[in-house]
Amino acid sequence: MSPKWTKSALTEALALSHAPYRLAEPINTYRQNNIKRSDNARTPESPTSSPLSLPRLLFLTHRFVYPPNRGDRIRSYNLLRVLSENHRVTLACTNDEEVSKNDHEHVQEFCESVIIAPLNRIIRLAGAAAAVARGRSLTEGMFHSRSLSKSIAQQQRSNPFDAVLVFCSSMFPYVDTPLFSDTRMIVDLVDVDSAKWSQMGQESTWSKRPIYRFEANRVRKLEQRIADRADAVALVSEKEADLFRNSIRTDTPIIGISNGVDTDFFFPLARQAGNKRSLKGEQRSLKYEAPPNSQHLAPHSQLPTLSLIFTGVLDYKPNVEGIDWFCRQILPTLNASPRLSHSPTPSLLPPPLPISLTIVGRRPNAKVRDLAKLPGVNLVGEVPDVRPYLHGADIAISPLKLARGIQNKVLEAMASGLPVIATTQSAEGIDAQPGEELIIADTPEQWVHAIRELGHLRSQRKVIGRQARDYVVSQFSWQARLRHFDTLLEQPICRSLSS
C-alpha cells in the first residue's frame, strides 16, 4: 500500500465513516427545557423496586447522544431514554465535538455514569493508520480511544455489567475481549456498513473505488466477528436485516428494529404550539419560535409559489448528491417547461407553476452552498428548530439515490402533516401506502409529475399530509419501536460455541 494511497484512504474514511454516513439526518431541537425528567418518575411498566436493584447496562456509542440533531443521535438518544427506565445505564462514548455543561447534565439524568473520550482529527487518522497495519478497518481505528478502553475495562473488573448494548460496529472492539465473554451482548449495527462501502465503490469515481472496496472488505470481517460474538444483532429495518443475513454466515438472531419519531414534538401546523403535555412522569415544553425569515411561517394560501423543503445534514454525501441532483436536474424543468423532452408521455404532465426550494441543515459544504446561486433555491443552513420551516412548506422532498436504513427526516415531515415525495431508497423501511401516505418518485418524469400534480391540488396535499401523520402516529412511536431492545437484553446468553 503506497503512502499516497494510504493518506487518501484515511482522508476519505474520516470524511465518510459512521458519522456522516449513518442514518439519514433530520434537523431538530431537543434542548434542556424541552425534556425534563423527574428523579422519582417511573413509567407504569417500570419496576417499583429500588433503582439499585435494576440491572447494570453498558451503552457504547460512537458519539455523545445529545442533542439528537442527526440520524444516529436520534436513535441512540431515544434508545438511552427507553433503556434507562429499566436499567442503570453507563454511557461510554467517543466524541469529536465539545459537549456543553447543559447537554452533559441532561444526559446524566438518564445514566448512572457517563464516560466521554474526546477524539480529534489527528488522533482519528493515527488510529486509522494503526488499525490498517493490524489488518483491521479504518473505521475501527478512527473510533479507538485508549483511555475509554481502559475506563471500560476498569468498570467491568470492579463491578461487572449485566449486559452490553453496542451502538454501531465501530464500538464493538471495546468489548471484544475476554472480560466480556460472560456478559449478555447486543449489537445495534443500525445498517450494513460493508454494503454501504461496496455500493459507494461501485458508484464512485475510479480513483476512490480502491478506498471503498478496501474498507468494505475490512468492515465485512468486523461484521462477521460481531455476529460470531454477539447474542443478537439489530438493524434499522427488516430489509437491512435480510441484507446482513445474506452477507454474513451466522446462527446469531438478526432482528430488524426500526426508528421511531416523536409525534408530540413534530406536529401539524393546525395544532397550537406552546402546549405542554405530561408523558409518563415527564414534562415537555414544546417551545416554538419563528425563524428570522418570517416568510416560512406564512399560511400556504398566502405563499406566492409552491414551497418545497429539504432537511438534512449538508455535508453528508447522500444528502449532498441527492439535493444537487434535484436542483440541477428537476428544479429547472419545474420552473421552465410543462414538458420533458425525453418523457415518453410529456402531454400527461400537469402545467408548470412557480417553485421555491428551502434547504435546511447543518454544515452545508461548498457543493450545497453553490446551489443557493440557482433560481428558486434558498439555503437556510442550521436552525435551532426545524418545525417552523416544515410548517411553512407545502411539500417535503427526499431525493436520495444512495441511502441505508430508515430516513428520519421523512418520518418527521410526515408527522408534521406534510405530504412527502421520496425516492424508493429514501422510503426504505417505511411501509406507508404509496400515493396515499407517501409519494414515490424515482425518474425525472415521476418527480415533475408528482410535484406539479400536488402543487395544483391543495386539498390533495392536505389529505396525504393528514394520512401521513396518522400512519406515523400509529406505527412509529419510539417507545413501541425500541422496547424490543429491552426484550433482547433480558434474554439469557445464547452465544454459539464458535465464539
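I started at Pro67, which sits in the loop between strand E2 (56-61) and H3. I'm working on a predicted model here. The peptide bond between Tyr66 and Pro67 is cis, with omega at about 0°. I flagged it because most peptide bonds are trans.

**Overall counts.** I looked up the whole chain next. The protein chain has 17 helices and 16 strands. Of its 499 residues, 56% are buried. I got about 20300 Å² for the accessible surface, and carbon and sulfur atoms hold 51% of that. For contacts between residues at least 6 apart in sequence, I noted that 74% join residues at least 24 apart.

**H3 against H17.** How do H3 and H17 pack? Helix H3 (residues 71-83) and helix H17 (residues 478-490) meet at an angle of about 65°, and their axes are 9 Å apart. Angles of 65 to 115 degrees count as roughly perpendicular, so H3 and H17 get that label. I have the crossing down as right-handed. On the H3 side I listed Ile74, Arg75, Asn78, Leu79, Val82 and Leu83; their partners in H17 are Trp478, Gln479, Leu482, Arg483, Phe485, Asp486 and Leu489. Sorted by class, this contact has eight nonpolar, two polar and three charged residues.

**Ser84.** Buried or exposed, I wondered about Ser84? Ser84 is buried, because its relative accessible area is 2% and the cut-off for buried is under 20%. I also checked Ser84 against Arg56: they are 28 residues apart along the chain, and their C-alpha atoms are 9.9 Å apart.

**Ser113.** Another serine, this one in strand E4 (residues 113-118). Skipping residues up to four places away in sequence, I found Ser113 touching Val89, Thr90, Leu91, Gln108 and Gln155.

**Positive phi.** I went looking for these since most residues other than glycine have a negative phi. Cys168 is not a glycine, yet its phi is positive at about 85°. I placed Cys168 in the loop between strand E5 (163-167) and strand E6 (184-190). Cys168 is buried, at 0% relative accessible area. Arg363 is another non-glycine with a positive phi, about 50° in this case. Arg363 is in the loop between strand E12 (355-360) and helix H12 (366-371). With a relative accessible area of 33%, Arg363 is partly exposed.

**Ala415.** I moved on to helix H14 (residues 408-415), which contains Ala415. Ala415 is buried, with 0% relative accessible area. What does Ala415 contact beyond its neighbours within four places in sequence? I wrote down Val261, Thr263, Phe266, Phe267, Pro268, Arg469 and Val472. For Ala415 and Phe266, 149 residues apart in sequence, I have a C-alpha to C-alpha distance of 5.7 Å.

**H15 against H16.** Helix H15 (residues 444-456) and helix H16 (residues 458-475) pack at about 105°, with axes 5 Å apart. That makes H15 and H16 roughly perpendicular. Leu454, Gly455 and His456 in H15 meet Arg458, Gln460, Arg461 and Ile464 in H16. My class tally for this contact is two nonpolar, three polar and two charged residues.

Key
Residues are numbered from 1 along each chain as its sequence is written. This is a predicted model: local features need pLDDT of at least 70, side-chain atom pairs count only at pLDDT 80 or more; totals for chains, interfaces and linings use all residues. Side-chain values use heavy atoms; hydrogens and water are left out. Axes are lines fitted to C-alpha atoms, for helices over the stretch in contact, and angles run from 0 to 180 degrees between N-to-C directions. Helices (H or I, at least four residues) and strands (E, at least two) are DSSP runs, numbered from the N terminus. Angles under 35 degrees count as roughly parallel, over 145 as roughly antiparallel, 65 to 115 as roughly perpendicular and the rest as oblique. A crossing is left-handed if the near helix is turned anticlockwise from the far one by less than a right angle, and right-handed if clockwise. Contact means heavy atoms within 4.5 Å. Ala, Val, Leu, Ile, Met, Phe, Trp, Tyr, Cys and Pro count as nonpolar, Asp, Glu, Lys and Arg as charged, and the others, Gly among them, as polar. Buried means under 20% relative accessible area, exposed over 50%, partly exposed in between (1.4 Å probe, protein chains only). Accessible areas come from the Shrake-Rupley method with a 1.4 Å probe; for residues, only the protein chains shown count as cover.
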